[in-house]
Amino acid sequence: MKALSRRTILRGIGASVALPLLDSMVPALQSAPLPIRRAAFVYTPTGIIMNSWTPAAEGAGFEFSPTLKPLEPFRDRVLVLSGLEHHNGESLGDGAGDHARAGATWLTGVHPKKTEGADIHNGVSVDQILAKEIGSGTSLPSLELGLEDVRMVGGCDSGYSCAYSNTISWSSPTTPIPYEINPRAVFERLFGDGETTDPAARAAKSREDRSILDFVLADANRISTSLGAADRRKMSDYLDSVREIERRIQQAESKNRTAVSLPALDRPDGIPPTFEEHIQLMFDLMTVAFQADLTRVVTFMYSREGGNRTYPQIGVPDAHHGLSHHQNDPAKMARLQLIDHHHVDMLSYFLGKLQAAKDGDGTLLDHSTLVYGSSLSDSNRHLHDNLPVLLMGGANRGGRHIRFAKGTPMTNLYLTMLDGLGVHPEKIGDSTGKLEHLTDL
């Protein structure tokens, strides 16, 4: 049935009369593309000085706390959420190992099996639940990034596998996803072996790839006719791989990615020498990846859980994890708060990049949902309740500090967030339902 436009009118009776809303008009009304929805999960390890994090007032009139002050320019895009917890990060009879459990539970809400061997067991992380739904139409269903070199085998925390501390992303209960720390490798994964994001250069590279692919397919098909049965099977497998590359090129071309206006970003040389340069370059890559619609789901770890990065550039030469066991020493707590503030300052850089990037009728920040926080609150006591959580972006009504009842699972936030993104799992980890004050996401 032909779709009718809402502007179709009846003529011939001395007047022009607009048609009522008919079923056949629905396709025409729905022809405008919906904004692409994206999600990023940014993890800061080892807990927070909560007195300097939590705003004193609740509701819309709150004053930004010392740690959160860098986010004040984005007030209408920031929700500060207090009271959420990860009960499954607690010992539950397993003894020490809070850092491993913190990393493992942040996006899963599942109590990990205590083991240093190959029999690790956790849950599926929320980013991977999302990736299966909203990431299927992109070259990379998800992108996992970090800043510290890590290993995924052996023990890292009191009898727990390093896999629990060193990633927040799990595609299955037994499959942790390692993150990439080298910006050059990330660039190549996003843009192939090109040297820049310049649209003209990318279009030329796409045409070159297409020419090479056509030549390979034609030559392989010609050779296949003279091969024996076993070699034909091998050639068939090879051609399947080539056709998968062809499919991805066609997918990219169908979205006209080569015409997307991207900021000029040259292929990085490698890992920058400072924390600030490294993290900002990673945020630049995340922004470009969203802008070109190469991925819609990203996880990013500032450091592995329990990591010992130092920050001499802000006057903190102490190792982060060691400093987190401050024993309520005011001087140590003050230095730890400087790290917390610095991490949030870097986050504000990312929000600024997203805000500056045009996307359809708005910006990338308008069309992205971002979660920032840690899976520990008081690092000195290894507490997993009243977690530091920010929900940001245009997919929520920002500018509020909301406190939830004690015992509210962090996974209820994820359930609510995914519902707003059009993904509707029955349960995530230990979730008990959606958050009532956030159902307008």
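This is a predicted model: local features need pLDDT of at least 70, side-chain atom pairs count only at pLDDT 80 or more; totals for chains, interfaces and linings use all residues.

The axes of helix H9 (residues 275-291) and helix H11 come within 10 Å and cross at roughly 30°, where an axis is a line fitted to C-alpha atoms, for helices over the stretch in contact, and angles run from 0 to 180 degrees between N-to-C directions. H9 and H11 are therefore roughly parallel to each other, a term for angles under 35 degrees, while those over 145 count as roughly antiparallel, 65 to 115 as roughly perpendicular and the rest as oblique. The crossing of H9 and H11 is right-handed, meaning that the near helix is turned clockwise from the far one by less than a right angle. On the H9 side the contact, meaning heavy atoms within 4.5 Å, includes Phe 275, Ile 279, Phe 283 and Phe 290, and on the H11 side His 342, Met 346, Phe 350 and Leu 354 are among the residues involved. By class, this contact of H9 with H11 has 10 nonpolar, 4 polar and 3 charged residues; Ala, Val, Leu, Ile, Met, Phe, Trp, Tyr, Cys and Pro count as nonpolar, Asp, Glu, Lys and Arg as charged, and the others, Gly among them, as polar.

Residues are numbered from 1 along each chain as its sequence is written, and side-chain values use heavy atoms, with hydrogens and water left out.

The protein chain has 12 helices and 15 strands, which are DSSP runs numbered from the N terminus, with at least four residues of H or I for a helix and at least two of E for a strand. An open sheet of 7 strands has the order S5-S10-S3-S13-S14-S4-S15, with mixed pairing, and two strands pair if DSSP finds at least two bridges between them. Strand S5 (143-146) and strand S15 (400-409) stand at the edges with a single partner strand each, so one side of each is left without a neighbour in the sheet. Strand S5 is joined by 4 bridges to strand S10 (residues 297-301), and the two run parallel; Gly 146, for instance, has Met 301 in S10 as its bridge partner.

Helix H11 (residues 330-356) lies across strands S3 (38-43), S13 (368-373) and S14 (389-393), running at about 175° to S13. Helix H12 (residues 410-420) also packs on the sheet, where it touches S3, S4, S13, S14 and S15.

Which residues of helix H4 are buried? They are Val 126, Asp 127, Gln 128, Ile 129, Leu 130, Ala 131 and Ile 134, where buried means under 20% relative accessible area, exposed over 50% and partly exposed in between, with a 1.4 Å probe and protein chains only. Because 7 of the 9 residues of H4 (residues 126-134) are buried, this helix is largely enclosed by the rest of the structure, and its cover includes S3, S5, S8, S10 and H12.

Finally, Ser 161 lies in strand S7 (residues 160-161) and is buried, with a relative accessible area of 2%. Met 333, in helix H11, counts as partly exposed at 23% relative accessibility.
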